Each structure stands twice: as structure tokens, then as C-alpha cells.
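Please summarise how this chain is held together. Cover its cores, its disulfide content and its charged pairs.

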Amino acid sequence: MRRGILALIAVGALLFGALALRGTIAPEAARPEVAATLGAWIGAPVDLTGAAEVRLLPTPRIVWLEPKLVETATGFVRAEAERLEASIAFAPLLAGRVEPTGLRAVAPRLRLDRPLPTFAALLAGGGDLPPIDLGIERGRIEIERDGSIEPVELAEASLAHGGVAAALDAAATARWRGETFHFSVTLPAAAPTARWSLAVDGAGLALKANGRRRDIAGALDGALSLDLADPPRVGALVRAGPLADLVRAPTRLDATLAVEPAGVTLSGLRLDLGPSTAQGSLALVTGGDEPALSGTLAFSDLTVAADKPIFGEGWKAVPLVAPGLALDLRLSAKRLIAPRFKLAHAAATLNLAGGRFNAELGDADLLGRPISVIAVGDLDAKGLSVDLRALAKDLPAADLGALFGVEGVEGGAVAAAFEGRMRCLALGGCVGAIDGRLRLSARALSITGASPFGDVTRFHPIVVSAKPSSRKTVWNEAEADVHLAGPTARIDAVELSGTDARFALKGSGDLADGSVDLGGHAFFRDQRAAGAPNGEIRIPLKVEGSIRKLTVTPAMPEQVPPTPPTPPLAPIPIVPPIAPPAR
């Protein structure tokens, strides 16, 4: 009985004390301080509206019902909520002072029509931002962009900052564009070696970065890890358009990070692109006349096609306009593995400065022989405009025939040289924008009967001996002079010269499907005593079909050019190098 009476007395005393304490709390006393704190973080002075009341249980606090933050200068309602609670420190309360210690917003809605001006100040050490300890439940951020509102739903979020020179900690679980993200960040205090970190996880993306402040000027050191388990999903999330399908294979990047006021450096970089791995470095420098990005990537094997696609169709939409920064990039691969061929010892460079463009693939190994390509010109708002030159020597004809699916090529050596121009606005349109001259030359070209040029005895006007059982022809020389205009080929001359036969043709072709339409003549040594002029007999021919399967048939004279190309064609020129743009 006595214990029950004592308990009732204690409860009564507690209630009496609480009621007495409640009478000493002036709700309006905290309103200016809370408004000043929130206004400093929003970036504009605000007035806090809404009815305020005091609640003591479970802890003393002031509650604003249906509060609004109204910008003092414009009257714009920057934020509103179901309620806003400010916890009150108990000890100062006993002395008659109201000191808010933390804020809790329930169902707040924040409207953003401009970036908050506080992030740069935090990176610089916090500036004069006041302390804050804010928790959010069921929040919503409305980002206004181009006249439309894009919402970010916050399941929960927190923001804590100890004031001048102190660190900041923020975390949130949010839903954006149908995807759920977990986000956390710690911005370092002003003291040297203070820790910092950043983590984002969601939508097939995992970003982690952490380290220490190097000095109070804003330099940071640390480690960076970016894992894209599903790049197209991330690309669709950020609304990259066709570029969302640029890379389909899982991609991961790990590097040592250095951030300075004048740039960012990634050293010890490792890039995993599907089955391919590269080592290298990247550096972005923002000082000077224009920002500059430089770096190297060295692959062992760079696979551009595998059982599962590495790249999508988005590469076609890569814009070729001035990026607003200078470039000095280098890429190399011991082996570049494409769907139908392999390049060994591939080394490519890309330089861009002041709008001048220079790209080069130097002495890569194709089928055991060197090839080189160089492009020099301009890259500006009108697109890419370059002079192109390419050269390949002594390519094995049999392997080259197999590469393009041409039947019957057994041996020989092929050289190729191209010189022309190209102007395009997107990467996918560059092949169709090529305009120039291609010269092909082959020596000792051995063709079997699988090709219509492998057995030409059926065109002989007079057969003076039995046909050999072997259906093979060796052409001492084969030359072609082709003008390329996008996918269309104007074949100005094709000349095949053998021991006792010669073909001279011209016509057109289509690079898209490999079709050709040629007309001309076959020339055979006249074995009669009184021969035709120049000791040759001329037979009109038509060559049609695809380079993978050609048909050669006799033709009526009116079906072929009346005047065949004048043999022999000029030899393949040695393409001189194009000087890189002056720096």
C-alpha cells in the first residue's frame, strides 16, 4: 500500500513539474533560430510559418503544424511539411533558455529551381554554415528543370553538421525515376587528414569513394570504385538517349583518386570491360586556356565482340562535336579481338587542341603485316572534318580472302592505300561520309576454280591443247582503282594480268552488301598466224554478284564499256604521313 501511495505521489509530482516546466517554454522563442538555420542551408533568408505548440513527452520539443518556409525576399514557398519538430536541450530549459538541439521533418516537400549554394562551401570547410541535425521521414524533393517538375522521394534521410570547420554527414534512402538508391556522404572537416567518403548504391550502380583531406585548400586523396553491373539500365536512368546502349557488358573501374582545386587525377587505374582488363591513368586539368583531359589505357586483350555483347548500338550516336576541352588520349592492346579479325600490337592516339584533331593507329599487325591509319583535321560545332590516309602492305591474299569470305584465293600478297576526306556529326555516320580513292594491288595472286577467275580457259576462243586437270590461275599482277563515296564504289579500273590472259574491267559496287557490277574485256594472246591488233583477241565480259560469289559471263559488245582501261595501272603510291597539328 505504501509503495503504491509513493508511486502516485511521484507521478503527481512529475506531472506537476512538467506542467510547471511547460509554462516556462515560449514556443515562439525558437522560431527565429530555426528559420535562420534552415534559411542558411537553403541559401536564402526564410520565414517559418505555422502554429507552434509545446510537447513534453517523450522529450521536450516544439512542434510546428503544417509549417512552411517562405523566402523573405520573394514570398516563394520553398518548403512545407506535415509537421516540424525541434528538440529542446533540457539543462538550458531549467535555466529558462530554449535551445533547439535537433530538427525532425515529417512529410516535408522541398522545391528546387536552382542548385543549393551550400555544397561548394562545405567542400571548402563549411564556410559559415550553422550547425544542424536534421532527420526526415517520408520526404519529397521537387526539382524544377525546363519547366517540368521531377520528384525524388525520400523514405528517410539525415543531415548532421557541427558548424564551422566541422565535418558533414548525410544519408538517404531515396526513389528516383523508378529506382531505389541508398546514398551516404561524409565531407571532411577543415583539419588536415580529416576523413571523407561517398557511397551510392542502386539501379545496377555501386559507387564508393573515400580518403582523407590533404590540406585545408580543398585537396583530397583517396580511392575510387565504380561498378556498373548493368550499364544500359544506368544509361536509361540518366536519360542518355541512344548513348544508354553504348556499353552492354558489366564494367568496373578502380583507381587512386587525387582531387585538387585545379583538377582531378586517377592513377593506378584498372578498368574491367566485360572480359577485357586495362591498366592506366586519367587526369583532368581545369587551369590554362581550356580544360584538358589526358590519359592512357593499356589492354592485354581488348575484346569488342564475345558470346555476350560488349557494346550496343549506342556507339553510332556518339556526337562528334567540340567537347569543350583538349584531349590527349592513348589506347593500346596486345590483341584487339573483333568478330572477324584480330589486330596485334594496336596502339592508337587521339589529340585535340584548339579545335585541331589528330588521330592515328600506327603499325598495328593485321594478318601478320603492318597497317596504319591517320586522320587530321578539325573538330568543332559543325562536326568532324578530317583528311584520311591508310596503308597496308603485303597482306596474305589467302587470309584476306577468308576474312571477307571470297572463294578460291589460295596465295599472293596484297597492298592497299586509301586517301580521302570525311565529314560527319556522329560516329555512326562516318563510314557513310567517306569520300576518297582506294588503290589495291596484288602480286602472284593464285586463284582456284572455286572462283570464276580460277579457270579462264573456258573463255579461250581457240583451244589448241587439252585443258589441264588443275583448275588454277596465277595472276602475276592485279590492280584496282576505286573511288569511294560513302557505301557506293565507283570502280574506275580493275586489271588482272597473267601469263596468257588479261582482264580489264570497270563498273560499280556497294560496300553495304558487297555487290559488284563490272563490264569489260578479257584479252588472250592470239595463237593464230595473222592475229588481231597487238596480238590479242578481245572478248566482252560481265562480272556480277557479290565479292563472296562472283559470276563471269560473256556479254554483247553493247553491254560493256567500249574502251577498256588502259593497262597497266599506276602502281600503288606510298602514302606520305600527315603532319600532326601544330601545338
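The report below goes from the model to one helix, then to sulfur, cores and salt bridges.

## Basis

This is a predicted model, in which local features need pLDDT of at least 70, side-chain atom pairs count only at pLDDT 80 or more, and totals for chains, interfaces and linings use all residues. Residues are numbered from 1 along each chain as its sequence is written, and side-chain values use heavy atoms, with hydrogens and water left out.

## Helix 6

Helices (H or I, at least four residues) and strands (E, at least two) are DSSP runs, numbered from the N terminus. Helix 6 covers residues 397-404. Its buried residues are A397, L400, G401 and L403. Buried means under 20% relative accessible area, exposed over 50%, and partly exposed in between (1.4 Å probe, protein chains only). Seen down the axis of helix 6, the buried residues fall within an arc of 155°, so they line one face. The arc is taken from the directions from the helix axis to the C-beta atoms. An α-helix has 3.6 residues a turn, so residues three or four places apart point the same way.

The buried residues of helix 6 pack against strand 22 (383-396), strand 23 (409-424) and strand 24 (434-448). Contact here means heavy atoms within 4.5 Å. Just after helix 6, G405 takes a positive phi of about 70°.

## Disulfide

The count comes to one disulfide, defined as a pair of cysteine sulfur atoms within 2.5 Å. The bond joins C424 to C430, with S to S at 2.2 Å. Both cysteines, C424 and C430, are buried. The torsion about their S-S bond is about 70°, so the disulfide is right-handed.

## Nonpolar cores

A nonpolar core is a set of buried Ala, Val, Leu, Ile, Met, Phe, Trp, Tyr and Cys residues joined through side-chain atoms within 4.5 Å. The largest has 67 residues. L343, F357, L384 and F453 have the most contacts inside this core.

What does L343 touch, not counting residues up to four places away in sequence? The partners of L343 are K334, R335, L336, L361, A364, D365, L366 and I371.

## Salt bridges

A search of the whole structure finds 36 salt bridges. Each needs a side-chain nitrogen of Lys or Arg within 4 Å of a carboxyl oxygen of Asp or Glu. In one of them, E260 pairs with R214, the closest N and O atoms being 2.9 Å apart. E260 lies in strand 14 (residues 251-260), and R214 in the loop between strand 12 (205-213) and strand 13 (220-228), so the pair ties together parts that are 46 residues apart in sequence. E260 is partly exposed at 39% relative accessible area, and R214 is partly exposed at 33%.

D394 and R443 meet at 3.4 Å, N to O. D394 is partly exposed at 35% relative accessibility, as is R443 at 47%. R437 pairs with D481, the closest N and O atoms being 3.2 Å apart. R437 is partly exposed at 40%, whereas D481 is buried at 14%.

Elsewhere, salt bridges link R61, E82, R83, E85, R104, E137 and R138 in a network.
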